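Welcome, and thanks for taking a look at this fold with me. Please open the sequence and the model side by side, and we will walk through them together.

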Amino acid sequence: MKKSHRSPVPNVVYMITMVVLCTFAALPTAAAKGYGDALKGVKGMKAVFDYSQSEPKMSNIIFGALKGVYEDEAVTTLPEKTQLVVVFQGPAVKLITTDRSNFPEKEFAELDKFHEMIRQLKKDGVKMEVCLYAANVVGVDPSTILPEIDQVNNGFISTIGYQAQGYSLVRVP
């Protein structure tokens, strides 16, 4: 009787292939993570937030949700890096200044919390801009604007420009 001299290599390749296939089959899809069809076929996210909200407490809530966008597992597992931009316009400009004269003292703690959130978002790679036209209209001195925020002449131009680059618009009145 003739002995077979089969190489163990095909068995090893087969086993590795099966392990890889089973691993990918076990990974949850974006739909399974609670987003239904919203992330179907999405490779990455680019969004520009047109931000006009001027209440510190509400802004902390909204920016917490914004932070949740780029920290969500369904987003972090997308193949392309998430790109977020916030453009502060209108009365929101008052939130991002060191001048607190537009707020009652009871809101100072919320402002401190918001400014810390701004610093964290910047560290995390969120780009932020402020409309200097709006700053002029609401009486904010540009030299008092937080250093984490880039100053642009007209926030509408920035917002339109980001949309032309493929960013989705999220309006926060």
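Which residue is the bridge partner of Glu-129 in β4? Asp-150 is the one to look for.

## Ground rules

This is a predicted model, in which local features need pLDDT of at least 70 and side-chain atom pairs count only at pLDDT 80 or more, while totals for chains, interfaces and linings use all residues. Residues are numbered from 1 along each chain as its sequence is written, and side-chain values use heavy atoms, with hydrogens and water left out.

## The chain as a whole

Six helices and five strands make up the secondary structure of the chain. Here helices (H or I, at least four residues) and strands (E, at least two) are DSSP runs, numbered from the N terminus. Read from the N terminus, the order of elements is α-β-α-α-β-α-β-α-β-α-β.

Of the 173 residues, 32% count as buried; buried means under 20% relative accessible area, exposed over 50%, and partly exposed in between (1.4 Å probe, protein chains only). Among contacts (heavy atoms within 4.5 Å) between residues at least 6 apart in sequence, 72% join residues at least 24 apart.

## The sheet

The five strands line up as an open sheet in the order β4-β3-β2-β1-β5, with parallel pairing. Two strands pair if DSSP finds at least two bridges between them. β4 (150-152) and β5 (168-172) sit at the edges with a single partner strand each, so one side of each has no neighbour in the sheet. On average, neighbouring strands are turned by 25° against each other, direction ignored. Helix α2 (residues 56-71) packs on this sheet, where it touches β1, β2 and β5, and its direction makes about 160° with that of β2. For such angles, axes are lines fitted to C-alpha atoms (for helices, over the stretch in contact), and values run from 0 to 180 degrees between N-to-C directions.

Now follow β2 itself: five of its six residues are buried. Six bridges join β2 to β1 (residues 46-51) in the parallel sense, and Lys-46 stands opposite Gln-83 of β2. Towards β3 (residues 127-131), β2 has four bridges, again parallel, with Glu-129 of β3 as the bridge partner of Val-87. β3 in turn pairs with β4 over three parallel bridges. Together, β2, α4 and β3 form a right-handed β-α-β unit: with the strands pointing away from the viewer, the path from the first strand over the helix to the second runs clockwise.

Gln-89 belongs to the loop between β2 (83-88) and α4 (108-123). Is Gln-89 buried or exposed? Its relative accessibility is 5%, so Gln-89 counts as buried.

The Gln-89 side chain has a polar contact of 3.0 Å with the side chain of Asp-50 and another, of 3.3 Å, with that of Thr-159. A polar contact is a pair of N or O atoms within 3.5 Å; within protein, one must be able to donate a hydrogen and the other to accept it, and residues adjacent in sequence count only if both atoms are side-chain atoms. Leaving out residues up to four places away in sequence, Gln-89 also touches others, including Tyr-51, Cys-131 and Phe-156.
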